[in-house]
Amino acid sequence: MRAAVLHEIGQDKLEVLDDVEAAGFGPGKVKIRVRATGLCHSDLSAMAGVLPQPGPFVPGHEGAGEIVEVGEGVSGLKPGDRVVVCWLPACGSCPACKRGQTQLCLAGFLNAGTPNFKRPSGDVFGFAGTGTFAEEVVVDAGCAVPIPDDVPFDVAALIGCGVTTGLGAALNTADVEAGASVAVIGCGGVGISAIQGARLKGAAEIVAVDPVAARREAALRFGATKAVSPEALADAKQSVTGGEGFDYVFEVVGRSATARTAYENTRRGGTLVVVGAGAMDDFLQLSMFELFFDEKRILPSMYGGGDVLRSYERAIALWRAGRIDLEGLITHRVPLADINEALDQMRTGAALRTCIEI
């Protein structure tokens, strides 16, 4: 079968090969025929070595498709079922799951260390234990979440990561208060989803911050009340909040410099929500005095900060009701053979989300 492979961490191009085989099928596993997958910035981060991932590997973790085969002991799934790929499934029995913090379950991360593809030359890993830039993938049954028949594969793929992460940051982690002022720094697919979440919660002012003009224009269509470049954020802070700072600031880039900017633009007593996935050696510096004196809440948001399955159901319900726009997030479509074109679209900021049709 075909799959896009990164041979070595640090390379910026993928090679589409036809000698890759989905491996590891057996008890408790399912094989999925991938129909659509989105390109998330985390895929680029893993390719660059910012996020830890053994190589060689098949990127992609935001996908949807159909069950091809189910392993022994798998219940509730059968061949032909339409599913979204969940890269962080909950085991249901660890301390985090028992506390109701299923998004902090570590079981899914253990999958990342087990190859789920192979080539004649050896084993190949799948990013985050999945690897959806492939025609087929074998994953734990818990990674395959059934979706209703009326949800298109491309929409379902987005729900698998970016939409759930961004919406959840606003709805779960921040629990944005009606009438609040909000700034979202970084307006790709996740940032736009955070904007939609803030709008749903009744935020009065939502300022989108991004260096790419096309993304700023898109943010206005999705509910932002103002869109500015990073250089104009100080002026927006003055005009919208009288210089006090925003009630909520979402950092959706994953860099300490951006997080520091977000902190400085959060009002005293306000909330900074860290959504972007950054590097382990990129440290955010804050003084002990400002932490005490400003009393700003710093809330990291992992995968939307809530139960993933419930978040999927909520996103589908909101989409069906026309309360959120998911189709509009897909600005580009490319076949798997042109995957490097999708990478360029992400790097330049030309795309909110590129759908790779497989």
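Biologist: Is Asp 140 buried, partly exposed or exposed?
Modeller: Asp 140 counts as partly exposed, because its relative accessibility is 23%. The cut-offs are under 20% relative accessible area for buried, over 50% for exposed and partly exposed in between, with a 1.4 Å probe and protein chains only. Bear in mind that this is a predicted model: local features need pLDDT of at least 70, side-chain atom pairs count only at pLDDT 80 or more, and totals for chains, interfaces and linings use all residues. Residues are numbered from 1 along each chain as its sequence is written, and side-chain values use heavy atoms, leaving out hydrogens and water.

Biologist: OK! Which residue does Asp 140 form a salt bridge with?
Modeller: Its partner is Lys 29, and the closest N and O atoms are 2.7 Å apart. A salt bridge here is a side-chain nitrogen of Lys or Arg within 4 Å of a carboxyl oxygen of Asp or Glu. The two ends come from distant parts of the chain, 111 residues apart: Asp 140 sits in strand β10 (residues 136-140) and Lys 29 in strand β4 (residues 29-38). Strands (E, at least two residues) and helices (H or I, at least four) are DSSP runs, numbered from the N terminus. Lys 29 is also partly exposed, at 23%.

Biologist: How many salt bridges does the structure hold?
Modeller: There are 17. One of them joins Arg 333 to Asp 154, with 2.8 Å between the closest N and O atoms. Arg 333 is in strand β18 (residues 330-335) and Asp 154 in helix α4 (residues 153-159), so this pair ties together parts that are 179 residues apart in sequence.

Biologist: And is Asp 154 buried or exposed?
Modeller: Asp 154 is buried, at 13% relative accessible area, while Arg 333 is partly exposed at 43%.

Biologist: Changing topic: where does Ser 181 lie?
Modeller: Ser 181 is in strand β12 (residues 181-185), and Ser 181 is buried, with 9% relative accessible area. From Ser 181 to Ala 257 you count 76 residues in sequence, and their C-alpha atoms are 22 Å apart in space.
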